[in-house]
Amino acid sequence: MYIANPLYDVVFKYMMEDNKVAKKFISAIIDEKIIELDFSPQEHVLTIDHNKQSYTVYHLDFLAKIETENGCRSVIIEVQKAMLPTDIMRFRRYLGGQYQNPSNSYEDSFGKRKALQIYCIFFLGRGLGIKGIPLLEVNHRTKDRTTNTEVESGKNEFIEGLHHRSWIIQIPELPKHRRNDLEKLLGIFDQSNRTSDHHILNVSEEDFPEEYRPVIRRLQKASQSEEMKNTMTAEDDYVEAFRINERIIANQTKALLEKDKALSEKDKALSEKDKEIAELKRLLGK
């Protein structure tokens with residue numbers, strides 16, 4: 001079965017626009033039951049100097065109602081992908097904006113505004129270099145600073161309002177790991193399944209748990225769209241243009257460093273020469 005490659009922004013957005021698919025997908029990653037999920041993609045157009053290439057980056061924002069033992073609670077969920085090493089700065093800027101956004105709050109039964117906790121899910125095309133683990137979970141821990149022992153803080157409003165939870169999917173670590181249903185689901189991002197056309201992956205629907213097969217079918221539908229393929233080609237052009245710029249900047253930086261090194265060595269040689277002349281003058285009694 002051929003499916004569209006969800007590592008592309010346009011395909012990933014299309015997949016997550018299906019509410020049923022998005023709920024199943026995000027619930028599996030955060031290991032919590034999502035009752036309601038409202039989707040609000042934020043679009044940002046990036047332009048780089050090389051041939052004036054432009055490319056739309058999607059920040060996928062969700063307002064989720066999660067079922068807990070004590071009822072339901074709401075959280076903000078951000079889902080973002082990164083294929084370029086500079087994306088961490090984009091994430092920081094966007095996350096800062098989310099914390100400042102007054103709409104990311106709710107009104108309690110007493111009419112008081114309270115902050116919604118933020119969940120962040122990151123898909124990294126290059127990974128972090130942490131080997132053998134496709135999915136990392138990062139969660140705040142509260143400790144007694146004096147005894148260094150962990151404190152059970154529970155669902156503390158102050159802590160949850162100021163510290164976000166994160167899940168990081170390392171795409172390069174996916175190929176050899178299918179230890180549970182979640183890792184099988186994340187196999188849709190396994191780039192070792194790419195065909196000669198990198199826009200398309202070749203997978204077997206039977207390799208995925210029945211519960212998650214709607215995700216596969218959604219991506220199969222995307223693979224049949226010519227408009228989707230054209231947009232993926234534009235994304236390829238952008239990434240390649242960015243990498244060309246990276247190489248140009250890297251070469252320029254290397255040349256400047258080599259020039260600085262040569263000048264430093266020349267200055268050092270002149271300084272040594274001046275010392276030799278001064279010593280010779282001293283010996284001659286001048």
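This is a predicted model: local features need pLDDT of at least 70, side-chain atom pairs count only at pLDDT 80 or more; totals for chains, interfaces and linings use all residues.

Visitor: Okay, helix H1: how many of its residues are buried?

Guide: 8 of the 8 residues in H1 (residues 9-16) are buried, so the helix is largely enclosed by the rest of the structure. Buried means under 20% relative accessible area, exposed is over 50%, and partly exposed is in between (1.4 Å probe, protein chains only). Helices are DSSP runs of H or I with at least four residues, strands are E runs of at least two, and both are numbered from the N terminus.

Visitor: And which residues of H2 are buried?

Guide: Those are Val 21, Ala 22, Phe 25, Ile 26, Ser 27, Ala 28, Ile 29 and Ile 30.

Visitor: What caps the N-terminal end of H2?

Guide: Asp 18 does, with a side-chain oxygen 3.1 Å from the backbone nitrogen of Lys 20. After H2 comes Asp 31, which has a positive phi, near 60°.

Visitor: Switching topic: how many salt bridges does the structure hold?

Guide: There are 15. A salt bridge here is a side-chain nitrogen of Lys or Arg within 4 Å of a carboxyl oxygen of Asp or Glu.

Visitor: What does Arg 178 pair with?

Guide: Its salt bridge is with Asp 190, with the closest N and O atoms 2.9 Å apart. That pair links distant parts of the chain: Arg 178 sits in the loop between strand E11 (165-170) and helix H5 (181-185), while Asp 190 is in the loop between H5 and strand E12 (200-202), 12 residues apart.

Visitor: Is Asp 190 buried or exposed?

Guide: Asp 190 counts as buried because its relative accessibility is 2%. Arg 178 is partly exposed, at 31%.

Visitor: Where is Arg 213, and what does it bridge to?

Guide: Arg 213 is in helix H6 (residues 213-223), and forms a salt bridge with Glu 210, with the closest N and O atoms 2.9 Å apart. Arg 213 is buried, with a relative accessible area of 15%.

Visitor: Which salt bridges share partners?

Guide: Those joining Glu 32, Arg 73, Glu 137, Glu 160 and Arg 165 into one network.

Key:
Residues are numbered from 1 along each chain as its sequence is written. Side-chain values use heavy atoms; hydrogens and water are left out. A polar contact is a pair of N or O atoms within 3.5 Å; within protein, one must be able to donate a hydrogen and the other to accept it, and residues adjacent in sequence count only if both atoms are side-chain atoms.
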